[in-house]
Amino acid sequence: MTRVKAHQLRKENVDAQEKKLIELKTELAQLRVAKIAGGAASKLAKIRIVRKSIATVLSVINEQKKKDLRDSLKKKKYVPKGLRVKQTRALRQKLSKHEAGLKTLRQQIREDNFPLRKFAIAA
């Protein structure tokens, strides 16, 4: 048996993924029994492959759950930290275009009271 490929799992629906996970777990249990009973070397080497396959299946399942949650919370005002976009700290804390364009009250008064002077240039 070869390792399970993530791109193949993503094409399957959730039920098929869960079924695959159960199959792999039962196979792992059987291999562990064979290990104790003194099974062949090929079965012992297969344990690692099955464990990695289980990890792949779980990763794909969790990936899809997280994606579905993100989609359902897309239009909400607040999103849980675990579902937010992971960027650099500087990018996350950067001001939005709206916030960057805002002027303080003091700045607005100064611009009203002291507009930019226009000079006529003689040609």
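Ser53 is buried, with a relative accessible area of 0%; here buried means under 20% relative accessible area, exposed means over 50%, and partly exposed lies in between, as computed with a 1.4 Å probe on protein chains only. Ser53 belongs to helix α3. Helices are DSSP runs of H or I with at least four residues, numbered from the N terminus. Not counting residues up to four places away in sequence, Ser53 touches Thr2, Arg3, Val4 and Leu24, where contact means heavy atoms within 4.5 Å. Ser53 and Leu24 are 29 residues apart in sequence, and their C-alpha atoms are 7.5 Å apart in space.

## Basis of the description

This is a predicted model, in which local features need pLDDT of at least 70 and side-chain atom pairs count only at pLDDT 80 or more, while totals for chains, interfaces and linings use all residues. Residues are numbered from 1 along each chain as its sequence is written, and side-chain values use heavy atoms, with hydrogens and water left out.

## Helix α2

Helix α2 covers residues 14-36, which makes 23 residues. From its first C-alpha to its last, α2 reaches 33 Å, close to the 33 Å expected at 1.5 Å a residue; the expected span is 1.5 Å times one less than the number of residues. After α2 comes Gly38, whose phi is positive, near 85 degrees.

The buried residues of α2 are Gln17, Leu21, Leu24, Glu27, Leu28, Leu31 and Ala34. They pack against α1 (6-11) and α3 (41-72). An α-helix has 3.6 residues a turn, so residues three or four places apart point the same way. Gln17, in helix α2, counts as buried at 1% relative accessibility. Leaving aside neighbours within four places in sequence, Gln17 is in contact with Leu9, Arg10, Glu12, Val57, Val60, Ile61 and Gln64.

## Helix α3

The 32 residues of α3 should span 46 Å at 1.5 Å a residue, and its end C-alpha atoms are 48 Å apart, which agrees. Buried in α3 are Ile47, Val50, Ser53, Ile54, Thr56, Val57, Val60 and Ile61, and these residues pack against α1 and α2.

Val50 is also placed in helix α3 and counts as buried at 0% relative accessibility. Its contacts, leaving aside neighbours within four places in sequence, are Leu24, Glu27, Leu28 and Leu31. The C-alpha atoms of Val50 and Leu28 are separated by 6.3 Å, although the two residues are 22 residues apart along the chain. Ser59, another residue of helix α3, is partly exposed, with a relative accessible area of 43%. The C-alpha atoms of Ser59 and Thr104 are separated by 48 Å, and these residues are 45 residues apart along the chain.

## How α2 and α3 pack

Two packed helices are described by the angle between their axes and the distance between the axes. For α2 and α3 the angle is about 155 degrees, and the axes are 9 Å apart. Axes are lines fitted to C-alpha atoms, for helices over the stretch in contact, and angles run from 0 to 180 degrees between N-to-C directions. The two helices are therefore roughly antiparallel to each other; angles over 145 degrees count as roughly antiparallel, under 35 as roughly parallel, 65 to 115 as roughly perpendicular and the rest as oblique.

The residues of the contact of α2 with α3 divide into 14 nonpolar, 3 polar and 9 charged. Ala, Val, Leu, Ile, Met, Phe, Trp, Tyr, Cys and Pro count as nonpolar, Asp, Glu, Lys and Arg as charged, and the others, Gly among them, as polar.

## The segment before α1

Val4 lies in the segment before α1 and is buried, with a relative accessible area of 12%. Leaving aside neighbours within four places in sequence, Val4 is in contact with Leu9, Lys20, Leu24, Ser53, Thr56 and Val57.
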